[in-house]
Amino acid sequence: MLVYLSIADLLSALSYSYGVWRDFHSDSVDCITQGAISTFTNTSSFFWTVAVAVYIFIVKSRQRQADYLVLYSHFISWDVPLAINVAALSQQKIDYDASDVSVGWCWVNIQAEDHVLWMLHTRKIWEFIAFVTLPVLYNLIKIHICKAVSPLQIIKSSLKG
């Protein structure tokens, strides 16, 4: 799972680097391509990050379910962002965004009436869900680890004595 998360992050970074290097100032095929790739890979990265956290949370007690999660993670983390991206591209929402907030790369065209909705769909809602879900899962994992380590510490200290 970490390999696929790393692949998504690498492609995202390469796409953003190309956007900064190219510094788009208008619509073009490579602007739309860069916007589509960065949208897909960034959203996929959020899905993979949550999938890793869910896997770690589940694996502590249910190994079989955790193994199935890996299979489903591929569908969720690649296909859902792809479907969102295809929908945005078919509606011609990914384009030169003409904003100062994205440093030259392309994303959702802010001239569109429903640009906020598409910004949420293509990235921001998934980012928000990840930012809320991850701390909860990691804190639950930490609690589980602390509970598991405490009995081990007692056994370890009694063996020394």
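Okay, a quick term before we start: when I say buried, I mean a residue with under 20% relative accessible area, while exposed means over 50% and partly exposed is whatever falls in between. By that cut-off K93 is buried, because its relative accessible area is 14%. And keep in mind that we're looking at a predicted model here.

So, the overall picture. The protein has 4 helices and 2 strands, and going from the N terminus the order is α-α-α-β-β-α. Of its 161 residues, 37% are buried. If you take contacts between residues at least 6 apart in sequence, 65% of them join residues at least 24 apart. The accessible surface is about 9800 Å², and carbon and sulfur atoms account for 68% of that.

Back to K93, then. What does K93 form a salt bridge with? The partner is D114, with the closest N and O atoms 2.9 Å apart. K93 sits in the loop between α3 and β1, and D114 in the loop between β2 and α4, so this pair ties together parts that are 21 residues apart in sequence. D114 counts as partly exposed because its relative accessible area is 27%.

How many salt bridges are there in the whole structure? The search finds 3. Another one pairs D30 with R22, at 2.7 Å between the closest N and O atoms. R22 is partly exposed, at 36%. Then there's E127 with K124, 3.0 Å from N to O. Those two are both in helix α4, 3 residues apart, which is about one turn of the helix. E127 is buried at 17%, whereas K124 is partly exposed at 37%.

Helices α2, α3 and α4 each give two or more residues to its lining, with the largest share, 5 residues, coming from α2. Which classes of residue line it? We get 10 nonpolar, 2 polar and no charged residues. Among them are F46, F47, W126 and, on the serine side, S73 and S77.

Let me finish on S77. You'll find S77 in helix α3, and it counts as buried because its relative accessibility is 0%. Leaving out residues up to four places away in sequence, S77 touches S44, F47, W48 and A51. F47 and A51 also belong to the pocket lining.

Methods: Residues are numbered from 1 along each chain as its sequence is written. This is a predicted model: local features need pLDDT of at least 70, side-chain atom pairs count only at pLDDT 80 or more; totals for chains, interfaces and linings use all residues. Side-chain values use heavy atoms; hydrogens and water are left out. On a 1 Å grid over the protein atoms alone, a cavity is a set of points where a 1.4 Å probe fits but cannot get out, and a pocket is an open set with protein on both sides within 12 Å along at least five of seven lines; lining residues have an atom within 4 Å of a point. Ala, Val, Leu, Ile, Met, Phe, Trp, Tyr, Cys and Pro count as nonpolar, Asp, Glu, Lys and Arg as charged, and the others, Gly among them, as polar. Buried means under 20% relative accessible area, exposed over 50%, partly exposed in between (1.4 Å probe, protein chains only). Contact means heavy atoms within 4.5 Å. Accessible areas come from the Shrake-Rupley method with a 1.4 Å probe; for residues, only the protein chains shown count as cover. A salt bridge is a side-chain nitrogen of Lys or Arg within 4 Å of a carboxyl oxygen of Asp or Glu.
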